[in-house]
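Student: Could you give me a close look at how helices pack and strands pair here? I'd like the cut-offs spelled out too, please.

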Amino acid sequence: MIPSLLRTSSFVKRSFTTFISPFKAVSTTTMTASLFESKRPASSPEYDPSTLSNYQYFNVLHTDLDYRVDWPKRKLFGTVVYKLAIKDKAPEQIVLDTSFLDIHEAKINGEPVKFDADTKRIEPLGNSLNVDLETKATEFDLTISFNTTEKVTALQWLEPEQTASKKAPYLFSQCQAIHARSLYPCFDTPSVKTPIHTKISSVYPTVASGNVVPVKQDQTEYATADTVYEFQQDIPIPSYLFAIASGDLTSLPIGPRSKVYSEPPNIHACQYEFEADTEKFIEAAENIVFPYEWKTYNVLVLPPSFPYGGMENPNITFATPTLISGDRQNVDVIAHELAHSWSGNLVTNCSWEHFWLNEGWTVYLERRIVGAIHGEAHRHFSAIIGWKDLQSAIDAMPPAVRDQYSRLVVHLKERQDPDDAFSTVPYEKGSSLLFYLENLLGGKPVFDPFIPYYFGKFQKKSLDTYQFRDTLYEFFADKKEILDTVDWDTWFYAPGMPPVKPNFDTSLADVCYNLAEKWVKAIAAAPTDGNVYDAYFRACFNIEDIAGWSSTQYVVFLDSLADTTTPSAATTEAIRVLGDIYQFAGSSNPEVISRWYTLAVPARLGAATYQALADWLGTVGRMKFVRPGFRLLLKVDRDLAVTTFRKNEAFYHPICRSMVAKDLGL
Ligand code: BES
Ligand code: ZN
């Protein structure tokens with residue numbers, strides 16, 4: 001049976017109300033409430049449509065996962081043991097998610113049982129593994145042995161020459177959103193959470209999501225025989241937060257409860273980048289929510305092909321090496337991943353349709369952390385950049401995508417791939433809603449007590465948007481009239497920008513806008529004789545213009561210029577001089593470098609600039625930079641774009657590789 005059919009349709013309650021199109025502005029509060037109510041599922045949390053498993057029948061009391069890393073074969077051999085309890089009524093089979101796994105054996109309470117792993121693959125969800133439930137017991141152990149295959153989507157295996165130390169191969173995982181099923185058979189849904197104990201035997205130092213259980217073997221010298229690494233995760237976690245990395249790893253402290261891991265050649269730079277802020281961030285977050293419950297907070301800095309900025313794997317945030325810029329200017333990514341310790345990891349979206357509960361709350365908390373440490377103006381500055389990113393992302397969506405995926409609560413019930421739904425929308429629209437609610441209800445002093453209440457109520461649980469809204473009404477029962485003025489339907493279900501634009505404090509952004517405007521005016525007033533452009537622009541501007549600015553201010557300046565300049569001979573020369581004076585291409589900060597090319601390439605600066613972009617693209621694997629970089633190159637020099645891709649293909653992560661190939665039409 002298809003799991004989603006087991007549940008009542010989410011539209012059951014629609015019968016007593018009329019369906020109102022979210023496209024139209026809905027003004028009366030009764031009407032607003034009715035669309036929200038019409039979409040309310042029969043019971044909450046709503047069923048997850050992105051799993052093939054029959055998770056609704058079980059509580060997973062405990063998980064034991066054992067792996068042996070087979071380096072020569074580039075495979076993981078594993079055994080997983082689930083302690084399962086039947087919820088109400090036992091089904092005939094236990095159905096688990098898998099994807100490109102070889103399944104060897106299934107046992108219940110140690111006795112081999114019949115299973116079917118030879119099921120038809122359903123894209124993009126994978127295969128179901130059906131195990132006969134040959135027991136009357138309401139609580140039992142289910143054991144599956146398996147291995148990963150070369151088609152695994154959750155892992156990247158790197159050759160020694162693709163690493164910093166060049167000494168050893170390297171392996172790392174990325175499970176969010178639905179890739180854990182290619183790493184082990186599981187109920188691959190954020191609705192299922194379990195404590196997990198992991199044992200990994202590998203020739204190389206290994207980390208995983210959990211607290212390290214000390215091992216007896218000597219870890220300082222690589223043994224010829226494998227070493228067993230052990231991790232205990234007592235707080236129940238969903239499958240997408242399971243993570244593993246193994247390779248030539250070492251670590252140094254970055255705070256009283258924190259370490260950074262990386263390959264030995266980079267470890268001191270990594271320590272410098274994070275040691276000033278990590279503990280400050282944890283303490284700021286603890287003051288906003290409640291004490292950090294995961295004991296340790298460590299960061300692993302990955303090789304450059306890691307396709308994201310950061311991933312909030314519990315106890316061991318995975319981070320892109322592009323954060324290591326030597327100026328501590330990218331640490332907001334650490335604030336973000338740390339904030340997930342509450343929003344996402346402790347309190348989890350029940351399905352990827354409600355992803356904004358993870359990311360919107362996390363961006364909100366990230367900016368609260370930044371605000372607590374550097375002041376409200378910085379919080380607003382970051383929100384201004386976010387609002388602009390949201391606008392650009394929505395503008396860039398083709399109409400069909402925009403209609404589906406610029407909504408806060410998305411619809412994935414027809415087997416849409418959560419990776420396709422991924423965008424800035426859940427991040428920025430979600431955090432905008434929370435920021436709006438904070439101000440509407442009376443500002444931080446009034447809103448703040450709700451934060452620990454919400455995270456306390458749902459900790460170790462998974463929830464949907466309806467439960468979030470109900471909890472808000474429950475907590476602010478005396479402010480019902482205010483909450484009733486919120487246009488919930490538009491916020492939750494309408495495509496496009498949020499219905500309300502916040503009032504931002506622009507004090508930090510104004511200097512950036514002003515300088516951009518000065519350049520635009522200078523270009524407009526440039527003399528008509530092309531020979532004097534250089535001297536003219538150099539007479540108007542110098543490096544003092546940006547003295548004392550942060551990288552983020554460069555970003556806002558470059559974004560604003562890219563928005564307002566139009567191609568002309570004067571613009572080309574102006575941007576050339578600008579690049580020469582301010583030296584953005586030589587920045588150690590990829591956020592700045594990528595914006596520089598976004599400005600310089602369309603301004604047609606010429607072959608040397610395009611080649612410099614191509615060279616840079618051979619050094620970064622973070623999709624946020626790689627994909628727009630190739631799209632820029634494609635517009636001015638298709639051959640260079642294709643040869644650059646071919647040259648670096650093996651370096652990119654499989655997900656990134658296939659995305660860029662698509663973007664280039666290969
Ligand atoms: N959890 C996300 C990364 C992610 C989301 C991976 C969905 C796969 C599927 C992580 O917390 C994140 O948001 N990373 C951002 C960092 C940022 C917003 C500061 C990134 O990678 O850019
Ligand atoms: Zn995030």
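Tutor: Angles under 35 degrees count as roughly parallel, over 145 as roughly antiparallel, 65 to 115 as roughly perpendicular, and the rest as oblique. Bear in mind that this is a predicted model, where local features need pLDDT of at least 70, side-chain atom pairs count only at pLDDT 80 or more, and totals for chains, interfaces and linings use all residues. Residues are numbered from 1 along each chain as its sequence is written, chains are lettered from A and ligands numbered from 1 in the order written, and side-chain values use heavy atoms, without hydrogens and water.

Take helix α19 (residues 590–600) and helix α21 (residues 623–636) to begin: their axes come within 10 Å and cross at roughly 15 degrees. (Axes are lines fitted to C-alpha atoms, for helices over the stretch in contact, with angles from 0 to 180 degrees between N-to-C directions; helices are DSSP runs of H or I with at least four residues, strands runs of E with at least two, numbered from the N terminus.) So α19 and α21 are roughly parallel to each other. Pro590, Glu591, Ser594, Tyr597 and Thr598 of α19 touch Lys624, Phe625 and Leu632 of α21, contact meaning heavy atoms within 4.5 Å. By class, these residues are 4 nonpolar, 2 polar and 2 charged (Ala, Val, Leu, Ile, Met, Phe, Trp, Tyr, Cys and Pro are nonpolar, Asp, Glu, Lys and Arg charged, the others, Gly among them, polar).

Now helix α3 (residues 278–288) and helix α5 (residues 356–374): the axes come within 9 Å and cross at roughly 110 degrees. That makes α3 roughly perpendicular to α5. On the α3 side you'll find Lys280, Phe281, Ala284, Ala285 and Ile288, meeting Leu365, Arg368, Ile369, Ala372 and Ile373 of α5. This contact has 8 nonpolar residues, no polar ones and 2 charged.

On to the strands. There's an open sheet of 8 strands with mixed pairing, ordered β5-β4-β8-β2-β1-β11-β14-β13; two strands pair if DSSP finds at least two bridges between them. β5 (111–112) and β13 (211–213) are the edge strands, each pairing on one side only. Strand β8 (residues 139–148) has 8 of its 10 residues buried, i.e. under 20% relative accessible area with a 1.4 Å probe, protein chains only. Strand β2 (residues 75–86) pairs with β8 in the antiparallel sense over 9 bridges, and Gly78 stands opposite Phe146 in β8. Strand β4 (residues 101–108) also runs antiparallel to β8, joined by 7 bridges, with Ala106 partnered by Ile144.

Definitions and conventions. Buried means under 20% relative accessible area, exposed over 50%, partly exposed in between (1.4 Å probe, protein chains only).
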